[in-house]
Every structure is written in C-alpha cells, then in structure tokens.
Amino acid sequence: SISSILGIVTTFMTFSLLAIILRKVGIEIGWGMQFQQPIFLMLMIIILTLFILNLLGFYKINLFNKLSNILNAYLLKTNTVFVEGFFSGVLVTLLATPCTAPLVGTAISFALTSNYITTVFIFSLMGLGMALPYFVILIRPSIILYLPKPGKWMNKIKYILAFFLFCTVLWLGDILTGFYEKDYTYVTKENGN
C-alpha cells in the first residue's frame, strides 16, 4: 500500500511539475486538450487495442514484471513488491485520471491557471485523494477480507471489460474521423466543390 501511495502521489506531483514547466515556457495547457490532437487519439486507439487483445488472451504483457526486475537488480537492490506496487500506483493514476475529468475538471482548470504553489497544492491533494483507499487498507488491513477473492468470475469479467474498452476505441475513432471530416469539408468548400 505504501509503495502504491508513493506511485500515485509521485505521478500527480510529476503532473504538477510538468504543468508548471509548460506554463513557464509559455505553452498554454488545459485538461482534456489531448483529445483535440489526432496523434494522441491514434496513440490511445493503438494502446487500447493492444490492451484489449492482451485482456482477451491473444498475448501476455509482462512489461511491469520485467521493468520491476530490472530496477530491482540494477537500481534499487530491494524487494520487488515495492517496485511493482510503485508502478501499479503510477499505472492506476495514468489510466484513471482522465476518467475523472467531469468530476475534477474545475479543480484542475483552476490549478492550471493559478500560481505555482496552488498548482502543486491542488495536484498533491488530488494524489492523496486518489490514494485514500490505500490509506484505508494501511489503517485497517482487515478490510481486504471484504474484497472479492480471485476466481472464475475474473475470467468472465475480462470479456465485459474488453467490451467496454472496445466501445472506448469506437468512441475515440469517431472523434478522430470527425477531425478528418472537418478538414475534408473545409478543403472541398475552399476548392468550390
């Protein structure tokens, strides 16, 4: 839990520092701007498609195990559980944070337009808030007994999750084609066709 908390909070602090650096060099940023970039949309479609194929068992990604073993062997010389937990926290943050935009969009917009101390403070609070379930587990480990146990239900739910990820790919594809339809309409109007 501690390593996952550190992974989450570190990722949010990295977000805040990146936001400050980008503002310092004169680049205006906002939350959700990445969905206005066709390259980002294509990259997300590729990543989600690969994730769906992995989820359905077409191949297995052992990236985090390999990465944690490399870091353990060469850099940290410590328990791999810590490294895996840390990267699990980073991954949870990267995957879940964009989904929170409707709930935290106003706070992030305020953070991105405020002074640097406020930006770091808001991102820190968001990281601590996202890590709250891990704090609860630290304080009361017995709560884990109430969580569902691994079993056959996990094999069934992966198909449901793959379906929802496929819906997300379709949605991103629809947004992406919207960019190209706008460009095509503009070009044809400009040419008089």
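The nonpolar cores and aromatic pairs of the structure are described below. The model is predicted, with residues numbered from 1 along each chain as its sequence is written, and side-chain values use heavy atoms, hydrogens and water being left out. Local features need pLDDT of at least 70 and side-chain atom pairs count only at pLDDT 80 or more, whereas totals for chains, interfaces and linings use all residues.

Two or more residues each come from α1 (2-24), α5 (101-113) and α6 (116-130), helices being DSSP runs of H or I with at least four residues, numbered from the N terminus. The most is given by α1, with 4 residues. A second, separate core of 9 residues includes Leu-41, Ile-52, Leu-172 and Leu-176.

Beyond its neighbours within four places in sequence, Phe-123 is in contact (heavy atoms within 4.5 Å) with residues including Phe-12, Phe-15 and Leu-112.

Across the whole structure, 3 aromatic pairs are found, a pair being rings of Phe, Tyr and Trp (its six-membered ring) with centres within 6.5 Å; planes under 30 degrees apart count as stacked, over 60 as edge-to-face and the rest as tilted. Phe-12 and Phe-15 form an edge-to-face pair, at 5.8 Å centre to centre and 75 degrees between the planes. Phe-12 is buried at 2% relative accessible area, whereas Phe-15 is partly exposed at 22%; buried means under 20%, exposed over 50% and partly exposed in between (1.4 Å probe, protein chains only).

Notes: Core = buried A, V, L, I, M, F, W, Y, C linked by side-chain atoms within 4.5 Å.
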